[in-house]
Amino acid sequence: MLEEDTPNASSGQASSRDGASPRLSASGVPGLTPTQVRLKICQNGFSNISIHTHLNADPKKAGKAPNELDWQRKAAFGAPLTTPEEVIARKPTETRAPSTGILCGNHVGIDLDFLVHADVAEEAYAMAFRHFGVTPFVRQGQAPKVLLVYRAAEPIVSTGRKAADGSGDGVDILACGKQFVAFGIHPKTRQLYRWIGPKNPLTASPDAAPEITQKQVDAFLFELSRLIELNKGGSRKKGKAGGSPQVTRDPVSGLIIDGREGYLATVIWRSACQIVDEGEELTVANLSDRAWAAFAQSADLKDGKWTRASAETKAAELIGRLQRGNKTIKPAPKTVEPSYADNRRSLEEAEAAVEQVIGTFFREHVPAFKQLREAHKAALTLAAETGEEPPEVPVPTSWGARIETAVGKTERAIVDAVGAAQANITVVLTVPDHRLSNELANRIRSKTGAEARVYYGYERPDPELPGQAMCLNLEAFRDARDAGVSKIAGAICERRVEGNLILQCTLIEKCGMQRQRAAKPLIWIVPHALLYRQRPSYIPEPDAIVIDEGFVLGALPDQPAIFTLDAMEACDFTVQAGGIELILDSNDLEVARASFMRALRAHEGDGPLRREILLRHRVTAALAASAYRLEWKRALDPGIAPGMEPDGRKKRAAKVGWHNAQVKQWAAIWAEVDAFLSGDAEKSGRLSLRFDTRAGVRQLERRSLSIIRSSWSAPTLCLDATLPETPLLEAVIGHRVEMQADISVRWSPHGIVRQIVRAPVSSSKLGLVPDHSRQADPTVVGDLLRLIRLRAALVGPDRDVLVIGPMRLTEKFEAAGLPENVSCGHFNAIAGQDRWRNAASLICIGRPLPGPREVEGNAGAITGRAPEAIEDNERGQ
């Protein structure tokens, strides 16, 4: 008998007042009305619907049908969640429709309806967990059937598979356009649906279940179809074998004693799949042999009803269907061994390995080199006193550690670097930019209490004087820079001249640069870019450097330095000293330039400089090295001094600025010619000729690789998740690098990476390239916004979603409006950031992929050798 819900009713089934008949809850949850059930699961994030009761004279009349029209459109991926207002509006119908269903689309039900084949039910249950992950939501209506609930990561097609033996067993994938009963009374057992997992929709949100994809569903169905023969279709009508008894095992022997006919058919099918997978020919003989051996081991044969002939009959029947094309067996995909070593380890092991490599660097490697350097300085002093040959400068060896993100490499480096600095080891930390520098300094102070100071350039904002730059006289700085002054501080800040006279900038007392020069922090933090320039004198010679995050790309030129051949030939070659021309030096430089220009003119067409042509015109490495020195002798001192009147300073800068710029450009070219001819490459990777069709001139293009300056020479620890191989690191660092660790983690299987291939997210399709507006698809950005908003809703308001893409695309997203729990970052500006460490979901749109010409240019800059260029297509690309 069905009674009204009472607050003190127990879960599931309870005895009636007289203890004779069961009392069932109309809502499926004792103590709650249907509307209360629906409001609660709505609050937890499950879309729901009213379902007709099954307690009527004709159970087939309503079945498990919803009590709403057009409900399928609400059962869609991305559909809005059911609102409390909708639930309350359905309250008048709860008497005739007291059961509650959950709408699929955003949720997926894996309905394992195996009753006759009970053994398959257990295997299918375990198989689902292997493919989809363990879900806490497991609903049961009629044992051993179960339904597993997951979240949809994408639109998933609803489908069904039915056992070919007509037993009525099968599996349904309930997704878009479907629903399942969550709370109510089962039409056959006349008992409440039970949730037998650790959670149910009343106690947890869908976030507790893993996300699944269509690819996972397809793989699950394929593997399940090799366990039992399945046909497409979700009908529950039984076929000829509809009366097949349930497979039953003897409780003592474990042998199958009932349902043996259906079980034999299943064994025949499994054996056929195994033979196909092994690549053998499928015959009645080998199929019946294998199937009978398996059947005889697991079934009770004492009554003599089943013999080998039974297996032969079913084997022949299956092979006949295969030969007629009524059925096919596809070989299972073969597992391909990875082409790389899988060195992943547990998080605990990875953290220990990180601690080991960073700790060894500071405890052993750095102190050993510091002793060598101190011994060299002592030997150098002794050699100067005795007139002996000075000893060779010791060359450090640096370490590389490729460490996956989220393992704590920066945290470990902070602790060990501070410990080393407190032990009288001078440590410099470097990161990509100032924003990360400030974040790192704050982390050091909060974690260790140590003082770390961030280096700022002249034009950077002064952190202690908001609204002011580090240099309070930026005009003077820019004049000195444009004039080609080598030591800016002596030209505009402070300089000692005759006797004790000191020239100073009038703003020096308030100057941020002066405060920086006077600072004595325990650790300096500098941006990567400073490593490619002379070390400021006030930063002590480092005993150890830590380069956190990737730095090699910063050594590559964004654009080539261009010098037209006509301008090169027009450049003055006079070498002076104190206003007097050095005739011999001028003649030597004139000859060197003339030989070089003849060699350039001798190159036909566009392309890299060629060794054979340079040598033919007597351009050698020795000539280039000599010309390099002569070019620098041509540099002029603009005579700029601290406190100089602005007009006079500007006139001096204008007078020599262009001259010194040409000196610098010519010196850089000679340095590359020297490096090229000192090697063995036939074509230069850094110097090439090209005809500029717009300007109508031929020009020399230089792509120089920036190398860390020798003033920063010290054992360096390079830490990055995508650290390149040592030859590339050595090209930039300038000395030997040893790869000490390659640490990756075996993360939880519930962290899923899903790649949407062939998505229209190129810059042209997104409308980010002005010259390709015709290729843009105006609907793509809107579709991406809907996806982002959906993911934000699914993770919940208390968890964050991070979106990474091209900067102009993320600006479009932010202009359109994003949910509060969505943050955006753009490529080339996210390295090392720790503020998104707890993001629940990451959406990465597109990728920054350089074109072939850019890759060729970078390869040439790194190696010094011209790579084999890809020929242009018919469109000149």
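**Reasoning through the packing, pairing and salt bridges**

Mentor: Helix α20 (residues 726–733) lies across β18 (398–403), β31 (716–720) and β32 (737–745), and the helix runs at about 130 degrees to β32. Please keep in mind throughout that this is a predicted model.

Trainee: In what order do the 8 strands form an open sheet, and is the pairing parallel or antiparallel?

Mentor: The order is β17-β32-β18-β31-β24-β19-β23-β20, and the pairing is parallel.

Trainee: What makes β17 and β20 edge strands?

Mentor: Both β17 (344–345) and β20 (452–454) pair on one side only, and that is what the term refers to.

Trainee: How do you know that β19 and β23 are joined?

Mentor: Pairing requires at least two bridges between two strands, and 5 bridges join β19 (residues 427–431) to β23 (residues 523–527), so the pair qualifies. To look at one of these positions in the structure, take Val428, whose bridge partner in β23 is Trp524.

Trainee: What makes β4 and β5 a pair, and in which sense do they run?

Mentor: They share 4 bridges where at least two are required, so they count as paired, and the sense is antiparallel. Within this pair, Ile49 has Gly101 of β5 as its bridge partner. The open sheet that they belong to has 3 strands in the order β4-β5-β11, with β4 (48–51) and β11 (179–183) at its edges. Neighbouring strands of this sheet are turned by 40 degrees against each other on average, direction ignored. Helix α1 (residues 34–44) packs on this sheet and touches β4, β5 and β11, while its direction makes about 25 degrees with that of β5.

Trainee: Which residues of helix α12 are buried, and why are they said to line one face of the helix?

Mentor: In α12 (residues 474–482) the buried residues are Ala476, Phe477, Asp479 and Ala480. Seen down the axis of α12, they fall within an arc of 165 degrees, so they line one face. Their cover includes α13 (488–492) and α19 (646–678). Just after α12, Gly484 takes a positive phi of about 85 degrees.

Trainee: Why is the contact of Arg151 and Asp207 called a salt bridge?

Mentor: The limit from nitrogen to carboxyl oxygen is 4 Å, and the side chains of Arg151 and Asp207 meet at 3.7 Å, N to O, so the pair meets the rule. Arg151 lies in β8 (residues 146–152) and Asp207 in the loop between β12 (194–195) and β13 (211–212), so the contact ties together parts that are 56 residues apart in sequence.

Trainee: Why does Arg151 count as buried, and why is Asp207 called partly exposed?

Mentor: Buried means under 20% relative accessible area; Arg151 has 14% and therefore counts as buried. Asp207 has 23%, which lies between 20% and 50%, so this residue is partly exposed.

Trainee: How do you know that the pair of Arg601 and Asp566 links distant parts of the chain?

Mentor: Their side chains meet at 3.2 Å, N to O, in a salt bridge, and Arg601 sits in helix α16 (residues 583–602) whereas Asp566 sits in helix α15 (residues 565–570), 35 residues apart. Arg601, at 39%, is partly exposed, and Asp566, at 46%, is partly exposed too.

Trainee: What separates Arg616 and Glu612 in helix α17?

Mentor: Being 4 residues apart in α17 (residues 611–616), they are separated by about one helical turn, and their side chains meet in a salt bridge of 2.6 Å, N to O.

Definitions and conventions:
Residues numbered from 1 in each chain as written. Predicted model: local features only at pLDDT ≥ 70, side-chain atom pairs only at ≥ 80, totals over all residues. Heavy atoms only, no water. Buried < 20%, exposed > 50% of the residue type's maximum accessible area, 1.4 Å probe, protein only. Arc of directions from axis to C-beta. Contact = heavy atoms within 4.5 Å. Axes fitted to C-alpha atoms, helices over the stretch in contact; angles between N-to-C directions.
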